[in-house]
Amino acid sequence: MPPDSVAGPASDDRGRAPLPTDVEACPPIEPAFRDALEGALIGLGIRLSPAAQAGIEAHARLLMAWNVAINLTAIRDPGAIALEHVADSLTAVAIMEAVELGVRPALLDLGSGAGYPGLPLGVALPAGHLTLVDSVAKKARFLQVAGDAALGAAADRGLDGPTLEVVAERAESVAHDHRHRGRYDIVTARAVGSLTELVELGLPMLRPGGRLVAWKREVETVSAGGGGSATTTQRTTVRPDLAGELAGAERLLTRLGGAIERVVRVVLPGLEDHRLVVVRSEHLAPAIYPRSPTERRRDRA
């Protein structure tokens, strides 16, 4: 195991009984999870192998078991996990299959947290090497356990899945590590920062021709009924302006050696406001990137 990988017993931070590391010790997957995922996969035009399905379900079972003690996700309903975590992760499959990334691409997931999107993508493609990065120790412990279980369940059904590495470090440190810099075909990032932040952190880890895929959302306004009255209440979901993020990232990309390739609109019901921003690495990023958080803040001031 690489020296910066995560190992050790899985226990929560409050001295309670160890959390499960064997997926068979977890409750079985609920029909609502399978039904929601099946419907979403049909909508995305994706057909998972039984092995990939087993790996994805093993991950979800451990997530739901650990989430009782460690807050890995605010989404707890099995059907919602299937749609808003698993299916949302798999919206990138078509993008990755459409570009020349090699037969078994190397994938790194920034701020992996509960393991989405990195683990489902690593199993579904399948990747050749999968690196999950999260600086929070308890999340990194979960990622190691869930990753081992997911890949083990998939392998038991014949899938030659990726080798797994979990790194409990800040992204800046990982990007300056020669073992990771310029190594990856794909870097993914889901709900972990502005696009400007993500291109500075992610581009240095890509090989020339590799892709950064960032999950973003458009601003939306939802109209809610007024309980039978003639008035209608407008509720606005406040999100960063995607056009502004794209413009800010493009200015930095001229220095990093990359370019925004496209923005993909997700059409799956329930995820209609989701967008995937695809950034192509044209050449290796200059050695000064990524800068420290202090330097990045100073640059934005």
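Where is the place of Pro 126? Pro 126 sits in the loop between H5 and S2. The model examined here is predicted. In this model, the peptide bond from Leu 125 to Pro 126 is cis, with omega near -15°. A cis bond also joins Tyr 289 and Pro 290, and its omega is about 0°. Pro 290 belongs to the loop between S9 and helix H10 (293-300). Most peptide bonds are trans, and most residues other than glycine have a negative phi.

Ala 191 has a backbone feature of another kind. Its phi is positive, about 60°, although Ala 191 is not a glycine. Ala 191 lies in the loop between S4 and H8. The relative accessibility of Ala 191 is 73%, so the residue counts as exposed, the cut-off being over 50%.

The overall composition is as follows. The protein has 10 helices and 9 strands. Of its 301 residues, 52% count as buried. Contacts between residues at least 6 apart in sequence were also examined: 71% of them join residues at least 24 apart.

Seven of the strands were assigned to a sheet. This open sheet of 7 strands has the order S3-S2-S1-S4-S5-S9-S8, and its pairing is mixed. Strand S3 (163-167) and strand S8 (258-265) stand at the edges. Each has a single partner strand, so one side of each is left without a neighbour in the sheet. On average, neighbouring strands of the sheet are turned by 20° against each other, direction ignored. Strands of a sheet pair through backbone hydrogen bonds, either parallel or antiparallel. Strand S1 (residues 106-110) and strand S2 (residues 129-133) run parallel and are joined by 5 bridges. Within this pair, Ala 106 has His 129 in S2 as its bridge partner.

Helices pack on the sheet. Helix H6 (residues 137-156) touches S2 and S3, and its direction makes about 175° with that of S3. H8 lies across S1, strand S4 (184-190), strand S5 (206-217) and strand S9 (274-281). The angle between H8 and S5 is about 155°.

H8 also packs against another helix. Two packed helices are described by the angle between their axes and the distance between the axes. For helix H8 (residues 195-202) and helix H9 (residues 242-256), the angle is about 25° and the axes are 8 Å apart. H8 and H9 are therefore roughly parallel to each other, since angles under 35 degrees count as such. Their crossing is right-handed. On the H8 side, the contact is made by Leu 195, Thr 196, Val 199 and Glu 200. These residues meet Glu 245, Leu 246, Gly 248, Ala 249, Leu 252, Leu 253 and Leu 256 in H9. By class, the contact has 7 nonpolar, 2 polar and 2 charged residues.

Leu 119 lies in helix H5 (residues 118-124). The relative accessible area of Leu 119 is 1%, so this residue is buried, the cut-off being under 20%. Leaving aside neighbours within four places in sequence, Leu 119 is in contact with His 59, Leu 130, Leu 132, Ala 146, Gly 147 and Ala 150. Gly 147 is 28 residues from Leu 119 along the chain, yet their C-alpha atoms are separated by 6.8 Å.

Conventions: Residues numbered from 1 in each chain as written. Predicted model: local features only at pLDDT ≥ 70, side-chain atom pairs only at ≥ 80, totals over all residues. Heavy atoms only, no water. Helix = DSSP H or I, 4+ residues; strand = E, 2+ residues; numbered from the N terminus. Buried < 20%, exposed > 50% of the residue type's maximum accessible area, 1.4 Å probe, protein only. Contact = heavy atoms within 4.5 Å. Axes fitted to C-alpha atoms, helices over the stretch in contact; angles between N-to-C directions. Parallel < 35°, antiparallel > 145°, perpendicular 65-115°, else oblique. Left-handed = near helix turned anticlockwise from the far one by under 90°. Nonpolar A, V, L, I, M, F, W, Y, C, P; charged D, E, K, R; others polar. Pairing = 2+ DSSP bridges.
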